[in-house]
Amino acid sequence: VTTVNTDPHKVPAGIALAGKTVSDVGENFLFRHGRVDGLRSRHNAFLNGDGVATETGYRNVRLENITSSNNSDAGFDLKSASTTGANLIASGNHNNFKLWYGQNFDGPITSVDPSEESGKGAAHILLIGAPDNSSTFRFSHISFRSNNKSPLFVISPDGGRVRVVIESYDRNVPDGTPMILDPKKLATVEW
């Protein structure tokens with residue numbers, strides 16, 4: 001992408017299961033061996049542009065061996081049900097992983113240097129819980145790498161309660177980097 005999109009009717013996404021109507025549905029998708037870089041949009045001070053995006057009408061989505069970098073919103077913005085993934089790398093996105101309603105990462109994921117260019121709080125992983133408080137996010141292994149102090153996890157105050165299960169992790173981040181920002185105390189975290 002060579003220019004920044006400013007048209008609010010054209011939202012860029014590299015790999016997308018998109019849609020906002022009840023007819024936008026599907027299941028059993030596999031995306032493997034991909035690279036997405038540089039999807040950017042800015043209008044009305046809202047950043048958009050996701051490397052990989054899935055909407056709520058989709059289910060049973062599997063992501064493997066995908067790198068998503070330098071997108072103005074999220075590297076991975078996942079709302080689909082029963083989403084799983086392994087060997088995912090997100091680098092230089094505003095939120096490297098923006099995860100909704102619960103997903104299961106049964107293989108390693110890596111988050112590198114979330115972008116703070118918007119001036120709004122960037123995060124390695126932003127979690128948004130379902131309104132019925134049923135969301136569980138599972139991670140077999142997470143690697144956090146950063147030169148800035150973006151928090152490892154941010155729990156959105158606009159969602160429901162979440163359960164976060166982290167089987168293992170490693171981090172190479174500056175001293176004083178927050179592990180979790182959870183202003184409404186919506187998360188139960190098992191490390």
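This is a predicted model: local features need pLDDT of at least 70, side-chain atom pairs count only at pLDDT 80 or more; totals for chains, interfaces and linings use all residues.
Helices and strands here are DSSP runs numbered from the N terminus, a helix being H or I over at least four residues and a strand being E over at least two.

Residues are numbered from 1 along each chain as its sequence is written, and side-chain values use heavy atoms, with hydrogens and water left out.

Let me stay with Ser150 for a moment. Is Ser150 buried or exposed? Ser150 has a relative accessibility of 1% and so counts as buried, where buried means under 20% relative accessible area, exposed means over 50%, and partly exposed lies in between, using a 1.4 Å probe and protein chains only. Its side chain is joined to that of Asn148 by a polar contact of 2.7 Å; a polar contact is a pair of N or O atoms within 3.5 Å, of which, within protein, one must be able to donate a hydrogen and the other to accept it, and residues adjacent in sequence count only if both atoms are side-chain atoms. Leaving aside residues up to four places away in sequence, Ser150 touches Pro114, Glu116, Ala122, Ala123, His124 and Thr177, contact meaning heavy atoms within 4.5 Å.

Seven strands form an open sheet in the order 1-5-7-9-11-13-16, with parallel pairing, and two strands are said to pair if DSSP finds at least two bridges between them. The edges are strand 1 (13-17) and strand 16 (180-181), each of which pairs on one side only. Strand 13 and strand 16 run parallel and are joined by two bridges, and Val154 stands opposite Leu181 in strand 16.

Ile155 lies in strand 13 (residues 153-155), and Ile155 is buried because its relative accessible area is 2%. Which residues does Ile155 touch, not counting those up to four places away in sequence? They are Leu127, Val162, Ile180, Leu181, Asp182, Pro183, Leu186 and Ala187. The C-alpha atom of Ile155 is also separated by 6.3 Å from that of Ile128, although the two residues are 27 apart along the chain.

Turning to charged side chains, how many salt bridges does the structure hold? There are eight, a salt bridge being a side-chain nitrogen of Lys or Arg within 4 Å of a carboxyl oxygen of Asp or Glu. In one of them, the side chains of Lys79 and Glu55 meet at 3.6 Å, N to O. That pair links distant parts of the chain, with Lys79 in the loop between strand 7 (74-78) and strand 8 (81-91) and Glu55 in the loop between strand 5 (50-54) and strand 6 (58-69), 24 residues apart. Both Lys79 and Glu55 are buried. The charged end of Lys79 also sits over the ring of Trp100, 4.5 Å from its centre; for this, NZ of Lys or CZ of Arg must be within 6 Å of the ring centre and within 35 degrees of the ring normal.

Asp73 forms another salt bridge, with Lys98, the closest N and O atoms being 3.4 Å apart. Here too distant parts of the chain are linked, since Asp73 is in the loop between strand 6 and strand 7 and Lys98 is in strand 9 (residues 95-100), 25 residues apart. Asp73 is buried, with a relative accessible area of 4%, and Lys98, at 12% relative accessibility, counts as buried.

The aromatic rings are my last topic. A search of the whole structure finds 10 aromatic pairs, where rings of Phe, Tyr and Trp (its six-membered ring) pair if their centres lie within 6.5 Å, and planes under 30 degrees apart count as stacked, over 60 as edge-to-face and the rest as tilted. Phe105 and Phe139 form a stacked pair, 5.5 Å centre to centre with 10° between the planes. This pair links Phe105 in strand 10 (residues 104-112) with Phe139 in strand 12, 34 residues apart. Phe105 is buried, with a relative accessible area of 1%, and Phe139 is buried, also with 1%.
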